Amino acid sequence: MILLLLFSLMSVPATALAEPVIDSSVLQAQSTRTAPLTIEEVLARIELTHPLLRATGLERAQARAKVLKALGAWEPKFQNELEFDRYESYNLTNVQGAPNKLSIGYVDTYLKVGHPWGWEIFGGIRDGFGDRASIIGSGNTQNPTHTPLSPAVAIPQDFQLFYPQQSGIVGGKFDLLRGFMVNEAFAGLQQAEIAGPQAEVKVAQKRQDLYLAGAIQYWDWQVAVKQADVVKRALAVAEERYRMVEGRAKAGAVAPIDVVEAREEVQRRREAAIAAQRKVEYEQYKLALFLWENGEPVTPRPEWAPEFQGETPLPSEADVAAFKVEATEDRPEVRDLYIEAKLNLVELKLAKNNLLPKLTIEGGPQTGAIYVFGGFAYKVGVFFSMPLFNRDARGKVLHAEAEQGRLAYKQAYTERQVAIDVDNWLSAIVRARDRVKVSTEAVRLAKTLEEGERARFNMGATSVLFVNLRERAVVEAAYELYRAQADYAVSRGGMLWARGALSKPLADTVLAKYGEPLTSAGSSGRKMPGRD
């Protein structure tokens, strides 16, 4: 009894933990829904709530972060520098005695500003401080009887400001050949600015992939539901016939072997119905990953499956030509290659600029307390350098030129590929339409034979076996018809994919039917007022 009690106490929490947490509002909405699930709603829910689309949208925020990071290279910088030095000189000619101890220092406060073209300037204030003794002065700070001649160590000679120990400081640096208008930092900024359009292409690519995958899964689920309905109806017919044959066998109207035949057919169709139900559940769970609500996937019910749409007019030759032009402009694959070419062009310009010698002119105040002793000093310098063989820059130029050629070949191939995709899906539409027509006629003929065979069976002119065979033929024909209808719907969606139409979001008027367009997953990562 004790063991039984412990086991029961241990099993209760485990059972409670195993129960899934389900939003009751979502369940209630699912249970009361009567409207069919349309392909428009599937695509709208992908655009509004799909987590992967929302995650890809954050590429936009990362692109803005790259621009901010690149702009940091020329961020105005406020700097404050302090230097203090103490010297001891053993000058035998110093009549006031030795050693002569000197204390000197200065404080620089300035603002430095850079520019993407390769120059930077700064300006500020320098304040000197320390003992009165200097290199050109006289007096010993250790002599207590000495009266200072000057309260300052040094008197600025240029740019003096409010008092003798304070002066203005200016300086800068300019790249005249290598680095002028083209440099590493400026190239990084240009590439960061291209990251914005590149993020939009990635979002369009993810949207296109999700739209197409969601549409195909939707039609696979629709086929599974319709095929399961056919199998269930066939099972109901077989069960009814079994009861009828069993009654007739008890009355002696038919042979007992017919009862076995009818019962065997019931078992066969029950097995098929179970497999068909498993197929429906498999497809509905896969479709649930494209239908999200309140952060949870929504599993569609079989009764939500609508009927397949009818035939639509085929596009004309002018439409197909326009589709190909549209594909070369809107397909993310083509747009991504254009962006890669722009990025590589920046690399090529930078590599060619690195072939030039480096010539830099810079100037500014000297640093070090020794320069403060006798008045603040400035320096101006010109620096020239160039590798003898310049192998590094030449190698980068060759690599960038080869990359540009590779992208040109790949771009030409991709443009032809998207045009072929349009032709391929047009062929798929035509052939799927023909299959639907043939399959519809096949179903009609199979049903005619089934009805005739059933009438013969009722008259005693045939056996249960032939009736079952006719009914199986109807089920197979219906299977093929639904599959053909699904392939026709897939081919029409494939044409939208080939044109690049699936890379664009649905209209706000459509999205508003199923959620809030302003907070949709497809808008994730976009800059909002007050951000950044």
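Modeller: Leaving aside residues up to four places away in sequence, Tyr 218 touches Leu 37, Thr 38, Ile 39, Val 42, Leu 287 and Pro 306, where a contact means heavy atoms within 4.5 Å. A word on the source: this is a predicted model, in which local features need pLDDT of at least 70 and side-chain atom pairs count only at pLDDT 80 or more, while totals for chains, interfaces and linings use all residues. Residues are numbered from 1 along each chain as its sequence is written, and side-chain values use heavy atoms, with hydrogens and water left out.

Tyr 218 belongs to the largest nonpolar core, which has 70 residues; Tyr 218 is among the members that touch the most others, together with Leu 37, Trp 219, Trp 221, Val 245, Val 422 and Met 495. Such a core is a set of buried Ala, Val, Leu, Ile, Met, Phe, Trp, Tyr and Cys residues joined through side-chain atoms within 4.5 Å, and buried means under 20% relative accessible area with a 1.4 Å probe, protein chains only. Helices H3 (39-49), H5 (184-250), H6 (256-288), H7 (317-330), H10 and H11 (464-499) each give two or more residues to this core; helices are DSSP runs of H or I, at least four residues, numbered from the N terminus. H5 gives the most, 19 residues. A second, separate core has 7 residues, including Ala 187, Val 201, Leu 343 and Leu 350.

As for H10, this helix covers residues 391-458 and reaches 95 Å from its first C-alpha to its last, close to the 100 Å expected, a span taken as 1.5 Å times one less than its number of residues. Gly 460 follows H10, with a positive phi near 80°.

Notes:
Buried < 20%, exposed > 50% of the residue type's maximum accessible area, 1.4 Å probe, protein only.
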